[in-house]
Amino acid sequence: MIGISGPVFRPGDEGYDAERRGYNLALDHRPALVVGALDAADVSAAVRYAAGAGLGVAVQATGHGVSVPTDGQLVISTARMDGVRVDPVARTAQVGAGARWHQVIAAAAPYGLAPLSGSNPDVGAVGYTLGGGIGLLGRRYGYAADHVRRFELVTADGRLLEVTAQSEPELFWALRGGKDNFGVVVSMEIDLVPVERLFGGGLYFPGESAAEVLHGWAAWTATVPEEMSSSIQLIRYPDLPVLPEPLRGRFVAHVRIAWCGEPAEAERLVAPLRALGPALLDSLRELPYAECGSIHHEPPMPVAAYDRNTALRELDAAAVDTLLALAGPDAGAPVILEIRHHGGAYARTPRVPNAAGGRDAGYMLFSTYLVEPGTLAEVRRVHGLLHDELAPWGTGGSFVNFLGIDDTGADRVRACYDPADYRRLAALKAERDPGNLFRVNYNIPPADLR
């Protein structure tokens with residue numbers, strides 16, 4: 001393709017399948033072209049080509065965010081643009097579009113600094129941040145999007161634009177939460193925070209203790225300071241030799257802890273959790289931030305998954321009982337359930353406001369399950385029932401980074417934003433991308449401003 005230095009893949013080409021696949025294998029999509037961009041010039045050329053050919057543009061770095069079919073459209077793979085540069089004096093990092101969080105973490109660690117990365121260090125840093133970014137330090141520092149200083153963005157006309165709070169205030173507001181609806185981010189500059197070590201890990205309780213543990217954790221979250229981030233997962237582990245022996249084939253309530261304060265204080269704070277009952281495993285310890293991925297230990301390989309999420313206002317005893325009835329050890333449901341504690345800095349508007357939604361949420365309810373052939377309809381039904389039944393405790397919202405394959409509709413995307421913010425995003429879309437070139441995503445279509 002003229003003007004592109006990186007590889008270009010078409011259906012049937014060697015490497016096309018490896019390049020097109022995202023992390024979620026529930027979608028077997030087939031784009032017309034995949035451009036393996038090497039730099040911003042390649043991205044600009046690909047955007048111009050797509051506009052001229054009438055193709056929509058999708059962006060893929062690590063593929064964790066791909067849940068919208070790209071059939072017949074153009075995918076720009078930014079995975080090769082993975083440079084990271086740390087300024088330890090300014091406490092910032094320049095992060096390329098394809099860099100994964102583990103690369104940023106490794107670059108910052110020698111200086112006693114850390115990014116506001118997520119639970120899975122293999123996720124792409126830019127895509128995560130564009131969706132807000134819910135991480136292990138979020139209750140203390142807020143969304144990752146709250147700590148962006150600058151973007152380099154390729155716009156719908158193929159121009160490379162520097163976007164800051166001073167140069168492009170409206171775009172800067174929108175990019176931090178609006179995902180990839182406004183262009184292709186080729187790099188970003190972010191703040192790093194002075195966190196060298198965490199107290200973290202997991203408490204794994206047997207299924208027969210799930211009710212006591214979930215009720216106890218929910219009550220405990222109301223008592224902890226902002227330095228404490230936590231979540232709980234209800235999961236039935238497969239009986240596989242790669243798993244620790246105490247977990248194989250068992251239903252487990254897994255409490256995850258990430259504390260960015262003094263370890264002695266953490267030991268005091270987690271004592272009530274340890275008192276909930278004998279644990280199958282207790283991996284809580286002081287650890288370098290570089291090992292933060294061990295807290296959630298999410299699967300590193302692509303899977304076919306069905307995901308849903310709901311922002312919860314509160315998690316009272318009745319909500320916990322509802323969750324246990326639908327996804328607890330006796331439900332036998334095709335659900336892996338996670339609840340993340342929000343509040344704290346998530347609830348505060350940052351110094352430079354942005355479009356990230358969900359600041360009114362006390363918790364996030366996330367459900368997932370691996371989809372086998374012929375099982376999608378039942379998985380969809382069960383997850384739909386779960387989220388419908390928890391709606392009385394919900395804010396009416398969702399989180400865009402945790403949307404799934406059924407969440408591409410306008411109503412689902414709109415629910416991720418404050419109504420006034422969504423109208424503002426749609427108006428800006430009409431101004432900056434009136435043809436909706438960047439539409440192969442969780443799309444915010446241009447507002448009809450007539």
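This is a predicted model: local features need pLDDT of at least 70, side-chain atom pairs count only at pLDDT 80 or more; totals for chains, interfaces and linings use all residues.
1. Lining of the largest cavity.

2. The largest cavity has a volume of about 130 Å³. It is lined by 16 residues. Closest to its centre are G135, L136, S229, S230 and R340. By class, the lining has six nonpolar, seven polar and three charged residues.

3. The second largest cavity. About 90 Å³ of space lies here. The lining has 15 residues, and G131, G132, G357, F399 and V400 are the closest to the centre. Which classes make up this lining? Eight residues are nonpolar, seven are polar and none is charged. The count of cavities of 30 Å³ or more comes to three.

4. Now to a pocket. The second largest pocket holds about 290 Å³ of space. Its lining counts 20 residues. Nearest the centre of this pocket lie A356, G357, G358, R359 and D418. The lining of the pocket divides into eight nonpolar, eight polar and four charged residues. Look for G357 on screen: it is among the residues nearest the centre of this pocket, and it is also among those closest to the centre of the second largest cavity.

5. The five-strand sheet. Five strands form an open sheet. Read them in the order β5-β6-β9-β7-β8. The pairing is antiparallel. Which strands stand at the edges? They are β5 (84-87) and β8 (160-163), and each pairs on one side only. On average, neighbouring strands of this sheet are turned by 15° against each other, with direction ignored.

6. Strand β7 (residues 148-154) pairs with β8 in the antiparallel sense. The two are joined over four bridges.

7. A helix across the strands. Helix α3 covers residues 101-108. It lies across β5, β6 (92-96) and β9 (184-191). Helix α3 runs at about 35° to β5.

8. The four-strand sheet. Another open sheet has four strands, in the order β1-β2-β4-β3. Here the pairing is mixed. Why is one side of β1 and of β3 left without a neighbour in the sheet? β1 (8-9) and β3 (57-60) stand at the edges, each with a single partner strand, so one side of each has no neighbour there.

9. Inside the four-strand sheet. β1 pairs with strand β2 (residues 33-36) in the antiparallel sense, over two bridges. V8 stands opposite V35 in β2. Helix α2 (residues 40-53) packs on the sheet. This helix touches β2, β3 and β4 (74-77). The direction of α2 makes about 175° with that of β4.

10. Two helices in contact. Two packed helices are described by the angle between their axes and the distance between the axes. Take helix α7 (residues 210-221) and helix α10 (residues 317-327). Their axes come within 10 Å and cross at roughly 145°. The crossing of α7 and α10 is right-handed.

11. Who meets whom. From α7, the residues are A210, A211, L214, H215 and A218. They meet A317, V320, D321, L323 and L324 in α10. How do the residues of this contact divide by class? Eight are nonpolar, one is polar and one is charged.

Conventions
Residues are numbered from 1 along each chain as its sequence is written. Side-chain values use heavy atoms; hydrogens and water are left out. Axes are lines fitted to C-alpha atoms, for helices over the stretch in contact, and angles run from 0 to 180 degrees between N-to-C directions. A crossing is left-handed if the near helix is turned anticlockwise from the far one by less than a right angle, and right-handed if clockwise. Contact means heavy atoms within 4.5 Å. Ala, Val, Leu, Ile, Met, Phe, Trp, Tyr, Cys and Pro count as nonpolar, Asp, Glu, Lys and Arg as charged, and the others, Gly among them, as polar. On a 1 Å grid over the protein atoms alone, a cavity is a set of points where a 1.4 Å probe fits but cannot get out, and a pocket is an open set with protein on both sides within 12 Å along at least five of seven lines; lining residues have an atom within 4 Å of a point. Grid points are joined across faces, edges and corners, and a volume is the space filled by probe spheres set on the points. Two strands pair if DSSP finds at least two bridges between them.
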